[in-house]
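Here is a short note to read alongside the model. Please keep the structure open and follow the points in order.

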Amino acid sequence: MSQDAEIQIPDTDYDFVVVANRLPVDRITNEDGSPGWRRSPGGLVTALAPIMAASTGAWVGWHGATDEVLEDFDKDEIHMVPVPLSEEDLQLYYEGFSNSTLWPLYHDVIVPPEYHRTWWENYRKVNRRFADAVLRVAARGATVWVHDYQLQLVPKMLREARPDLRIGFFNHIPFPPASLFSQLPWRRQILEGLAGADLVGFQRETDAANFVRGLRRYTNYSVKGHEATPDASHSVQNVCRAAAHPISIDTADVAELSKDPQIQERARQIREGLGNPKTVMLGVDRLDYTKGIRHRLKAYGEILADKQLKAGEVCLIQVASPSRENVDRYIQLRNQVELMVGQITGQHDTLSHTTVRYLHHSYPMREMIAMYLAADVLLVTSLRDGMNLVAKEYVAAHQDGKGVLVLSEFTGAADQLTQAVLVNPHDIDGMKQRIVDAANMSPQEQSRRMRRMFRHLEEHDVMRWSNKFLEELAAIKSRVKA
Ligand code: G6P
């Protein structure tokens, strides 16, 4: 460490540091039996990998196992900095404050958020640990990009310790209106934590506006448009800007895979395995109460009962990937969903046809693309969703102009995929009608809508998202108050 006035700056080259709850790698066992790491699939790492390779990039995040301290390691030109979490941290910071307080509060209180002081204390402690890991690796003047609701206190912690850093934050989930956010006993600390960043990015303009309104109401920042300036009493003196930067996918990669003959053959096999029904519908979600899976199943079950679509002619593939399996609300949801699936299939299946193929697994990307290709209709019926990248992947896989996207109005994606069949998942009758219309849509109409959405995603991909965010961040650095 070199001494820079009172600021400690490590002697490293890492000039671009990403901080997220998880490292972008999964543990594997190599062929020789030795342990290793594989880059995890996902848009964020795809978008950032080239930027990290072009600069000297480090990624700070949890490696996925508890009570295990790992040394830093390098993988695919990224310096990985594992942050340890204990079993207690997992319960209080991750399952507790992140996923039983913030997650439901930020998703329209679909289930009631729980407020516990012990969770909050641990969230602060773990955020400090992530910030310290950044401080250990970030070179002088480095750009640090912090991601998501698990780490909202990190920007201010970094700013206090290192005014030389350029700090960005991106919130992948919605930011709630003041009427809901006001419930949070620690609302001021969260807002001030975020405002330590030079730029706070959100999925939608509404989210950015909610954040700015929160700052105005609950802090003594002075707010002008989308910029907030602290008064002299604050320990940090940066101007914070809020902006909408809707995230996207690697469109070219998905489109390329969709042309792979092996994947196309796999799509044919999938349909065949279902008995070649006239219409294959698909839902792909983490098994989460925000996704509206129960609303979707209710509508679908009634469509079958009303014989608007007929068993034998339609099948719904529902992929529900396991998620947060120790959190009570997720356990309850799994039970409810599995009961509903059992009721629908018990009532409508025949010996030769199933009406719902329910899959509680996650799948590799190639298999997902095969399912997208096999599906005539994708059902995205979230009650609230920051963006929903499944909707974008489905469109990117359908350069052929086939298929219909049924999309909830309550997703960030609905702002951009305006040619989708938009639904309000709370309106079961309305949604039923639109699902039936989607199943009966003419090929010409399908193609007209799909091609327009595809063109949008060709231009607005995840590389553009990260470039635009980082350009805006670079441009506002010069306005940090002296
Ligand atoms: C959402 C969040 C991410 C999170 C992911 C999976 O997309 O925005 O931050 O990583 O869900 O959830 P998990 O709890 O498994 O990390």
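1. Lys 392, Tyr 394, Val 395 and Ala 396 of helix 13 touch Met 450, Met 453, Phe 454 and Leu 457 of helix 15. Contact here means heavy atoms within 4.5 Å. Helices are DSSP runs (H or I, at least four residues), numbered from the N terminus. This contact comprises 7 nonpolar residues, no polar ones and 1 charged. Ala, Val, Leu, Ile, Met, Phe, Trp, Tyr, Cys and Pro count as nonpolar, Asp, Glu, Lys and Arg as charged, and the others, Gly among them, as polar.

2. A word on the source. This is a predicted model, where local features need pLDDT of at least 70 and side-chain atom pairs count only at pLDDT 80 or more, while totals for chains, interfaces and linings use all residues. Residues are numbered from 1 along each chain as its sequence is written, and side-chain values use heavy atoms, leaving out hydrogens and water.

3. Helix 13 spans residues 389–396 and helix 15 spans residues 443–459; their axes come within 9 Å and cross at roughly 110°. Helix 13 is therefore roughly perpendicular to helix 15 (65 to 115 degrees; under 35 is roughly parallel, over 145 roughly antiparallel, the rest oblique). Axes are lines fitted to C-alpha atoms, for helices over the stretch in contact, with angles from 0 to 180 degrees between N-to-C directions.

4. Next, helix 10 (residues 293–305) and helix 11 (residues 328–348). Their axes lie 10 Å apart, at an angle of about 10°. So helix 10 runs roughly parallel to helix 11. The residues in contact include Leu 297, Tyr 300 and Leu 304 from helix 10, and Val 337, Met 340 and Ile 344 from helix 11. By class, this contact has 10 nonpolar, 3 polar and 2 charged residues.

5. Helix 8 (residues 251–258) and helix 12 (residues 365–374) cross at roughly 70°, and their axes come within 10 Å. These two helices are therefore roughly perpendicular. Val 254, Leu 257 and Ser 258 of helix 8 meet Met 365, Arg 366, Ile 369 and Leu 373 of helix 12. The classes are 5 nonpolar, 1 polar and 1 charged.

6. Which residues surround the ligand? They are Arg 22, Tyr 94, Trp 103, Asp 148, Tyr 149, Gln 150, His 172, Ile 173, Arg 286 and Arg 324, each with a heavy atom within 4 Å of the ligand.

7. For Asp 148 the distance is 2.5 Å. For Arg 324 it is 2.9 Å. For Gln 150 it is 3.2 Å.

Methods:
A polar contact is a pair of N or O atoms within 3.5 Å; within protein, one must be able to donate a hydrogen and the other to accept it, and residues adjacent in sequence count only if both atoms are side-chain atoms.
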